[in-house]
Amino acid sequence: MKINLPYEVLQKVTKPVRYTGGEFGIVKKKWDDVACRIVLALPDVYEVGMSNLGLSILYGIMNEREDTLCERVYAPWIDMEDEMRQRSIPLFALESKRAVKDFDIFGFSLQYEMIFTNVLNMLDLAGISLRAVDRTDNEPFVIGGGPCVYNVEPIAEFFDFFVVGEGEEILNEVAENFIAWKNSGKVGGRQGFLKKLLSVNGIYVPSFYEPIYDDKNFIGWKKLDSAAPTTIYKRVVQDLDAVPFVEHPIVPFIDIVHNRVALELFRGCTRGCRFCQAGMCYRPVRERSVETLVDYALNLIERTGYDEISLTSLSSADYSRLNCLVDWLMYYLAKRHVNFSLPSLRIDSFSVELAEKLQAVRKSGLTFAPEAGTQRLRDVINKNVTEQNLLNACAAAFEKGWKTVKLYFMMGLPTETDEDIAGIADLAQKVVDLYRQITNRRDVKVTLSVACFVPKPFTPFQWYGQISLAEFERRQKFLKSLIRDKAINYNYHDAKVSVLEGIIARGDRRLSKVIETAWRNGAKYDGWSDLFNFDAWQKAFDECNVDAKYFNERDRNIYEPLAWDHTSPGVSKNFLVAEWEKSQEGKITYDCRWINCVGCGVCGNLDVNVIDYSREKREVILSLSGHSSTPKQDTIYRVQIRKGAELAFLSHLEYVDVFRKALLRSGLHAAYSEGFNPHLKISFATALGVGVTSDTEYVDFVLAANVDAAKVMAKLNAQLPTGAEIVRIKKISAKAPALTALVDFSRYEIFVPFDEDFSVAELAAKKFNSAQKIFYNRVTPKKSREIEVKSLMAESVKVAHVDGGLKINFGVKIKQDGTVKPIEILKVLRDECGLNVEVLAAKINRTALLSRGKNLLDV
């Protein structure tokens, strides 16, 4: 079932491009040519989902298979969901617009607990049974993966199976097993396929495990199939250089959370922070080589048009050859004005020289994470940094001109006292005072971001009882009372969200009914502060007669069975117990890359090894070809470009960005402006409204070389997405007037559904054309003002009857002080002239944009 979204729906909702697809880099395959059809989802809004590197990697890998197609879907925003439910539009994939229910496998990336209600909401929108036990043979297999797989029990009953660990290899095995099962005639039905998966390492099928409880506590598992493994260890990729990375990423039309190239330096972290689930679960450290990373970076910049690279990993500054990597990247990409960023900097490994390299293009603030306010508590959590480390790093930065610092802390850590809380305020004040002492200035800004600690499975703190909501709120107020300097900005999390996260994070299957009830009570987008509905959750716990505090505030015995022990990241329980005991004594554990093995058990349990290139004494040698400079010869080009229906709902700035990235991808030597923040020399004639298509948009841009115009046109068209096409091009003189100074006339054609007698339309057009003056009240978010429409008309309104509706044509003047929008003309015809039409259903196209009656390329 293919979904055709009504035009008026896209006109109504915010950011309609979230739902139109068609981005540069998508893969579209013929539905009937493949044996396995997968749709991948992150149960959050498009901008969040499109920023997920893991899904981008899997999308590329699965679409490399000839027998498989892989598409995307994200959670519709509230306004779009309302439209879908009112019009019975099912959840659909972006590439094919097929209903999600038609796919074979529906995969969710589970990034954090507060998106679980969105999973249920998406299943319901798709028309898929919520619980796995109720699904028929005609419904997709619902699978989950991502960070939350290390305790999926609260949502286990909603999923057919889970992928535990890294997905590059295992998802291929899932597809192969599915195709074999399908070709066998689907022997054994759904259960037949799930039984086949029991032989795949890293797959957890909840329906083959029955939890056992005594009067109140979880006490163990009963396996329902002898082939089900007792412990499901995570899958891990040993050599990251040997598995595919993102080769052809999708370039979104709109701004997303991480709208840049994400270059994954390595996986894993062995720093050993005792609060950090990722640090325990993503072990061991496996680095990519500098050669591989440089190759990836160059290809990704060329194939996306991005001008920023984020060097991502759990602790990116710990990449053993970071300075070498940055030197090579800057060497190759300096002339592309590419900016580099690290998500956060380790205090103890901070280098001003490195920070200056990374921010050579655009200098921004620095971010550090001390996590705790006193050395005693930093030792408890094994942070392995000191106050002096922080002050030394800040001093070095301040001496080089930085004046903005962000500090991350946590509140509610084990053994924390008010003295530790006060230490946060003291440390922030010391940073402020240090800046003023070094610079003799007062323009410093220090931002404190303080999160509420949530104990997580497979960490040494998994047995610790989270502090209560009331205590979180008391400590937040206490810290706020200690901050008096206006240079310090204090941000803190909603403790209610963190408490709920703490409940779910260490819950078991008894919480599934609570999660479903909360969703039915209206809970969704729980991670969004303006949408979080704590009352819905409290009501759900009451209705289900479940004691929430049992799951988060209770201190657990280290000997009691835990509901998550059977889905293991490989870290041993003995190691976690030892780390818990050391935390209570304030003893630290060093990184195993600095000393000998610390006995976490991961390498032995998973049969993998640490890959750290600092241990290899070899020189990094890369080719210097292709780096020769070209004599600069600025040449200005003017093009006429089409904006088709596929891109109609891009804003003007988004459409400009589409052209900008296409120019960068084209390999043409684009010219940049001078100054501290250089930008491409691009200018459009005039903005086009959202939802409006055009046959005649015009763009001027500058290349730093004299290239044949036909070659430029061909290279750009090869990089523009469907819906954008250059139809004419010419070189122009540097003395030619700017497009904005030339354009003075715009002609439009509107199609709108109309089922009344045509004479009504004719009368409306006649009334409009004969009026001396017509006033329209233009309302914008900031103000409203009255405009006189007739003085801005260049051609009279003409109407014609066509199949299904009306065709309306007219021309308007473009003056220095503005113009009239085509949608405003249509509203005047409706409100003032009696034309009864649905404005939101109108399709508007600009057919001409002229200067003194001439095409702008002929002026």
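Tutor: Two strands pair if DSSP finds at least two bridges between them. Keep that in mind as we go through this predicted model.

Student: Over how many bridges do β10 and β13 pair?
Tutor: At least two bridges are needed for a pair. β10 and β13 meet that mark, and they run in the parallel sense. The bridges between β10 and β13 number 4.

Student: In what order do the strands of that open sheet lie?
Tutor: The open sheet has 3 strands, with parallel pairing. β10 (261-264) and β14 (339-341) each pair on one side only, and these two are the edge strands. Neighbouring strands are turned by 25° against each other on average, direction ignored. The order is β10-β13-β14.

Student: Which helix packs on this sheet?
Tutor: Look for a helix that touches β10, β13 and β14. Its direction makes about 165° with that of β13. The helix covers residues 322-333 and is α10.

Student: Is S310 buried or exposed?
Tutor: S310 lies in strand β13, residues 308-312. Beyond its neighbours within four places in sequence, it contacts R260, V261, A262, L263, S341 and P343. The cut-off for buried is under 20% relative accessible area. S310 has 7% relative accessibility, so it counts as buried.

Student: How many residues of strand β1 are buried?
Tutor: Take each side of β1 in turn. C36, I38, L40 and L42 point one way, and they are buried. R37, V39 and A41 point the other way, and they are buried too. β1 spans residues 36-42 and is mostly covered, with a buried count of 7 of 7.

Student: What is the bridge partner of V39 in β3?
Tutor: β1 also pairs with strand β3, residues 105-109. That pairing is parallel and has 4 bridges. The β3 partner of V39 is F106.

Student: Why is strand β15 called largely enclosed by the rest of the structure?
Tutor: Both faces of β15 are covered. On one side L366, F368 and P370 are buried, and on the other T367, A369 and E371 are buried. β15 (residues 366-371) is therefore largely enclosed, its buried count being 6 of 6.

Student: Which residue in β16 is the bridge partner of T367?
Tutor: β15 pairs with strand β16, residues 404-411. The pairing is parallel, over 4 bridges. T367 has as its partner in β16 the residue K406.

Student: What is the omega of the cis peptide bond between R283 and P284?
Tutor: Most peptide bonds are trans. The bond joining R283 and P284 is cis. P284 sits in the loop between α8 (277-281) and β12 (286-287). The omega is about -5°.

Student: What phi does K186 have?
Tutor: Most residues other than glycine have a negative phi. K186 is not a glycine, yet its phi is positive. It lies in the loop between α6 (167-183) and α7 (189-197), and at 38% relative accessibility it counts as partly exposed. The phi of K186 is about 55°.

Student: Is N545 buried or exposed?
Tutor: N545 lies in the loop between α18 (534-543) and α19 (548-552). It is not a glycine, but it has a positive phi of about 55°. The cut-off for exposed is over 50%. N545 has 72% relative accessibility, so it counts as exposed.

Student: What distance separates the C-alpha atoms of A578 and C600?
Tutor: A578 is in helix α20, residues 573-584. At 32% relative accessibility, A578 counts as partly exposed. Along the chain, A578 and C600 are 22 residues apart. Their C-alpha atoms are separated by 9.8 Å.

Student: How many nonpolar residues are in the lining of the second largest pocket?
Tutor: This pocket holds about 1000 Å³ of space. Its lining has 40 residues, and L688, G689, V690, K821 and I823 lie nearest the centre. Elements giving two or more residues include α1 (7-12), β24 (745-753) and α26 (822-831). By class, 12 residues are polar, 8 are charged, and the nonpolar count is 20.

Notes:
Residues are numbered from 1 along each chain as its sequence is written. This is a predicted model: local features need pLDDT of at least 70, side-chain atom pairs count only at pLDDT 80 or more; totals for chains, interfaces and linings use all residues. Side-chain values use heavy atoms; hydrogens and water are left out. Buried means under 20% relative accessible area, exposed over 50%, partly exposed in between (1.4 Å probe, protein chains only). Contact means heavy atoms within 4.5 Å. Axes are lines fitted to C-alpha atoms, for helices over the stretch in contact, and angles run from 0 to 180 degrees between N-to-C directions. On a 1 Å grid over the protein atoms alone, a cavity is a set of points where a 1.4 Å probe fits but cannot get out, and a pocket is an open set with protein on both sides within 12 Å along at least five of seven lines; lining residues have an atom within 4 Å of a point. Grid points are joined across faces, edges and corners, and a volume is the space filled by probe spheres set on the points. Ala, Val, Leu, Ile, Met, Phe, Trp, Tyr, Cys and Pro count as nonpolar, Asp, Glu, Lys and Arg as charged, and the others, Gly among them, as polar.
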